[in-house]
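Visitor: I would like to learn how to read a few local features of a model like this one. Could you take me through them one at a time?

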Amino acid sequence: MRANSQQTFTIKSIASNLGIPTAQFSLVRACLEFLIERNLISKPRSGKYKWIISDADLYQGVVAITSSGSVFVTIEGFERDILISDRNLAHVLHGDVVKVSLIHKRRKQVEGEIVRIVERVPHSYVGRIEMMKTHAFVIINSRTMPYDVFVPIGDIPAGVENGYKVKVQVSDWPENVKNPVGKIVEVFGKEGDHNAEMHAILAEYDLPSKFTEEVENQAAKINENISDDEIQKRRDFRLITTFTIDPADAKDFDDALSIRTLPNGHYEVGVHIADVTHYVTEGPLEKEAQSRATSVYLVDRTVPMLPERLSNGICSLMPDVDRLCFSAVFEMTAEAEVVNRWFGRTIIHSNRRFTYDEAQLIIETEQGDFCNEILTLNRLAQILRKDRFKNGSVNFEREEAKFNLDPTGKPLGVYFKVSKEANHLIEEFMLLANRHVAEFIGRKKTGGHSNRTFVYRIHDKPNVDKFLTFKNFIAKLGYQFKADKGKAISKELNQLMKKIAGKPEENLISTLAIRSMAKAIYSTDNIGHYGLSFDYYTHFTSPIRRYPDMLVHRLLAHYLNEGASADKDKFQELCDHSSEMEQRAADAERDSIKYKMVEFMMDKIDQEFDGFVTNITEWNMFVELDENKIEGLISLRNLTDDYYTFDDDNYRIIGRLRGRTITLGDRVRIKIRHADLSRKLLEFTLIAKYNPRTQQPEYINYE
């Protein structure tokens, strides 16, 4: 009975299982009564007996609901998650902490039953409201929420209309009711309205869209005047040529470069970073920055980590005004060798604000404001860049799709962000500062590692299984990859990226290579940064938009003043939170781009495009279009010319009758079938597959 705790038994079934004859049924009954007295079994109804599940039989875990609607419980110490079938769900939601009993143990999968919910985490979801006379449902499009939420008509706020995007909070889920019950807590506006959709995306990831009055008030009270006493405490760079180089639409300038030639012929290059922690010390502002942990960049807007008075004002390194900075200053030879370095607080006066395009024009024409300074910095940056790749840094440069939007947010066109020498110039000096700050704190003067707590930006080695999958795939495209460990992998990756540059498969192979890599995170435990091939690395250069950079500024100042090692547990907790918020922000940005991609293609239904297969799963095939890098899916059930099976070992589908195969990376021609804005999803119809030998389309007949 304990091994089958979800079942009920009769005396007859128990006797039969134990091989006890009918004449001894009374003995079975007596034993069952004995177990009932000791609260080991129960008698839920006449003639039926069931094991009482105790805590000793249960495991505690966290519910995870997948995009397909499958429910699992993750239990610490278990190799595999526990599958929960529909009949044993007990109205759980994603993230709930539950007690689960194990039912069936198979070789590959263990099945369990939810016995009780230990902790119901707060659940809020974004969806479209559908109104009826007496009630409404909020239709949820979430990978982790397979149910729509019931809302009583009396709980619907005034002004909400059918089809509005809203945020609903689950308040109850009675045992005998099919759907959870909720209350509308935020209204975004009509579905399809640009601002409503952007706010809905932020809410989906629980990211704030505005600051509280308390936070704004504290920001408004900050004194922006710089006292003489403060200037005396700092190294003065106001008479040294200094400028910023940023995107044309940037408003928060958090880094500037200065350069001058020293008497010995060396260059002094200053990497000057906004001194945010001088202004943000405690109170609501500090708590808000810590909570947000990052600025969020959607397709049309920036949601800043700090109020605009700081991010675009007091802390922004605008030209022709004095600004407080925390700086990394390097003495460099003409060959870009660092022979001396200094870290500390400074005051600067930027002479000029350049856009990347303006700086690039100076590099290309060798004419313009501060031409000599920019050309010198660019030459040094190119040396640093070359050395970095020579030492094993991986060069991933994917084309990034951007949208031209009209004043209402409607996408008018797609363009691609291209990284040029001006971008590389800034990138290399930011990397230089980040690396040297981390090394200064993390490395002992006599070699080895320091014991001082610090915030590192770490990146682990590639996952062995994922990387083997990547190598096997590119081999099918004709690219051999022999390296299997250490810096040899990164060096061979760079060679591969050069080989595929400009070829149709470039974006696909770059994407798959990135997927095989670990994700970079923040940690107090330094393991180095594999992708950059740095033993020590941190984030020091963007404190206006990243909270970890503020932590790095504080720790650096603390250790420059000979402070003792900081509390590691406290900073690790802040690292974990920052990594999580960074991922949320990235997911929100990606969703905003996907939404605009679908919106851009809505008037192109039934038009044909060429592309290539970027992913194949058991149910869908994904295709990226050549013309605009927009991705959509082809449902395999719509391939009616044959019955296709999924060959996951070889990243392909195979037609059982005709033998046609479609593999990852294949060139195809598609027709736009459907554009679903609410799901941010494009559906394609497969028209033809290109023959790799002739490069001619082989059209598919669905008759």
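This is a predicted model: local features need pLDDT of at least 70, side-chain atom pairs count only at pLDDT 80 or more; totals for chains, interfaces and linings use all residues.

Visitor: Let me begin with the backbone. What is the phi of Ala336, and in which loop does Ala336 lie?

Guide: The general idea is that most residues other than glycine have a negative phi. Ala336 has a positive phi of about 70°, although it is not a glycine, and it sits in the loop that joins strand E20 (322-332) to strand E21 (338-349).

Visitor: Is Ala336 buried or exposed?

Guide: Ala336 counts as buried, because its relative accessibility is 7% and the cut-off for buried is under 20%.

Visitor: Where is Glu366 found, and what is its phi?

Guide: Glu366 is found in the loop between helix H9 (356-365) and helix H10 (371-390), and its phi, near 60°, is again a positive value in a residue other than glycine. With a relative accessible area of 52%, Glu366 is exposed, since exposed begins over 50%.

Visitor: Turning to helix H9, which of its residues are buried, and why are they said to line one face?

Guide: The buried residues of H9 are Tyr356, Ala359, Gln360, Ile362 and Ile363. When one looks down the axis of H9, these buried residues fall within an arc of 160°, and they therefore line one face of the helix. On the other side of H9, the exposed residues are Asp357, Leu361 and Glu364.

Visitor: How should I read a patch of charge, and which residues gather in the positive one?

Guide: A patch here joins like charges within 9 Å, taking residues with over 30% relative accessible area and no salt bridge. In this structure Lys386, Lys390, Lys487 and Lys491 gather in a patch of positive charge on the surface, to which H10 and helix H13 (486-500) each supply at least two residues. Lys487, which lies in helix H13, is partly exposed, with a relative accessible area of 47%.

Visitor: Which residues form the patch of negative charge?

Guide: Asp567, Asp569, Glu573 and Asp576 gather in that patch on the surface. One of them, Asp567, is found in the loop between helix H15 (547-560) and helix H16 (568-601), and at 45% relative accessibility Asp567 counts as partly exposed.

Key. Residues are numbered from 1 along each chain as its sequence is written. Side-chain values use heavy atoms; hydrogens and water are left out. Patches are made of residues with over 30% relative accessible area and no salt bridge: like charges are joined within 9 Å, nonpolar side chains (Val, Leu, Ile, Met, Phe, Trp, Tyr) within 5 Å. Accessible areas come from the Shrake-Rupley method with a 1.4 Å probe; for residues, only the protein chains shown count as cover. A salt bridge is a side-chain nitrogen of Lys or Arg within 4 Å of a carboxyl oxygen of Asp or Glu. Lys and Arg count as positive and Asp and Glu as negative; His and the chain ends are not counted. The place of a charge is taken as NZ of Lys, CZ of Arg, CG of Asp or CD of Glu. Helices (H or I, at least four residues) and strands (E, at least two) are DSSP runs, numbered from the N terminus. Buried means under 20% relative accessible area, exposed over 50%, partly exposed in between (1.4 Å probe, protein chains only). The arc is that of the directions from the helix axis to the C-beta atoms.
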